[in-house]
Amino acid sequence: MSDNTIDRFFRYLNWLFNPFHGLKTTEVYDLIGTSSLTENALYLNLGYWRDVETIDEASEELALLVAKRGGMGPDDTVLDCGYGFGDQDILWARKMKPEKIIGLNITKSQVKRARMNVADAGLEKSIDLREGSATEMPIENESIDLVVSVESAFHYRTREDFFKEAFRVLRPGGRLVTADILPTKNSDNLFRRMEQWISWNLVAGKFNIPHENYYEIPSYNDKLSKAGFVNIDIKSIRDDVYTPLHEYLSKTQTFVNKLHPLPKFLAKLSLNRPADNVYAGLDYILSYSEKP
Ligand SMILES: C[S@@+](CC[C@H](N)C(=O)[O-])C[C@H]1O[C@@H](n2cnc3c(N)ncnc32)[C@H](O)[C@@H]1O
């Protein structure tokens, strides 16, 4: 075994089994690397499972759901926050043809790979992928028509700062759309509440979700409104995310088999449990709002 393999093994050990692992979000994504759920692209989302068969299709479907909800079209300058490896930007540039897409991502290793993917697709003129944070956008006031964030805003420190920044950079009439992970409403049943607590804290602990971002749909609505947004519409799409994903992963095993042995062991344990327990504490929402 090379030093690199041993080092990676210990970093995984620390991340997976030490609740105080101390890894930053960027270090978690560096560790995960290109172990994406998808087989052909490098999406890092859980997918939207309506009328699709595979994780690749579901991940694209989620990206398209966000784009369509925001009415993405040829006149738009789009700001994509938390773009992963940029697959969604390539998809949007081809299908929705916005005038320009600017991306912000804090994970250097992803920025490098995403830029290569955009260059390979010959889309450098319409997609400008930058290293930068959604909470401190290096973007001029009122220069964007549509801000989108696909399965990333739960990471931001804080999501409220992101809402304020999105409001600042949007032109009047501009739109903000997020696909985001929130906690579910606490159950009255004590046992169910414990399941919810475990499921939320496992995900929040591994993926560095700050405690400030722990709130349900009504507070999400209030925080968007406090940032100045109007015509807010938030709906849960969790039934089209977690259970179908769980069933797909249990059936195909393709993703599990490409994992490092440690996460593979944990993934197999989870996949043997019912989806309703594994994801008990996790809601999944699609939000839309406008700057007046
Ligand atoms: C779960 S991945 C989703 C990636 C991509 N949207 C997709 O659907 O494949 C979350 C992404 O958010 C990025 N991220 C986390 N915190 C961020 C921040 N403050 N600003 C910008 N990007 C951030 C991570 O680097 C990662 O690319």
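Me: Where in this predicted model is Lys97 found?
Reply: Lys97 lies in the loop between H4 and E2.

Me: What makes the phi of Lys97 worth a remark?
Reply: The phi of Lys97 is near 50 degrees, a positive value in a residue other than glycine. Most residues other than glycine have a negative phi.

Me: How do you know which kind of peptide bond joins Arg157 and Thr158?
Reply: Omega is about 5 degrees, and the bond is cis. Most peptide bonds are trans. Thr158 sits in the loop between E4 and helix H6 (159-169).

Me: Which residues of H3 and H4 meet?
Reply: From H3 come Glu60, Ala63 and Ala67, and from H4 come Gln88, Leu91 and Trp92. By class, this contact has four nonpolar, one polar and one charged residues.

Me: What makes E3 and E6 edge strands?
Reply: The open sheet has seven strands in the order E3-E2-E1-E4-E5-E7-E6, with mixed pairing. Strand E3 (127-131) and strand E6 (230-236) each pair on one side only, and are the edge strands. Between neighbouring strands of this sheet the average turn is 15 degrees, direction ignored.

Me: How do you know that E1 and E4 pair?
Reply: Pairing requires at least two bridges. Strand E1 (residues 77-81) and strand E4 (residues 144-150) have three bridges, in the parallel sense. In one of the bridges, the partner of Val78 is Leu146 in E4.

Me: Which strands does helix H5 touch, and what angle does H5 make with E3?
Reply: Helix H5 (residues 108-120) packs on the sheet and touches E2 and E3. Its direction makes about 165 degrees with that of E3.

Me: Which residues come nearest to the ligand?
Reply: Of the 23 residues around the ligand, the nearest are Asn45, Gly82, Gly84, Thr107 and Ser152. Helix H2 (25-32) and strand E2 (100-105) are the elements that give two or more residues to this shell.

Me: How do the residues of the shell around the ligand divide by class?
Reply: The shell has 10 nonpolar, 12 polar and one charged.

Notes
Residues are numbered from 1 along each chain as its sequence is written. This is a predicted model: local features need pLDDT of at least 70, side-chain atom pairs count only at pLDDT 80 or more; totals for chains, interfaces and linings use all residues. Two residues are in contact if their C-beta atoms, placed from the backbone, lie within 7 Å. Helices (H or I, at least four residues) and strands (E, at least two) are DSSP runs, numbered from the N terminus. Ala, Val, Leu, Ile, Met, Phe, Trp, Tyr, Cys and Pro count as nonpolar, Asp, Glu, Lys and Arg as charged, and the others, Gly among them, as polar. A residue is near a molecule or strand if its C-beta atom, placed from the backbone, lies within 6 Å of it. Axes are lines fitted to C-alpha atoms, for helices over the stretch in contact, and angles run from 0 to 180 degrees between N-to-C directions.
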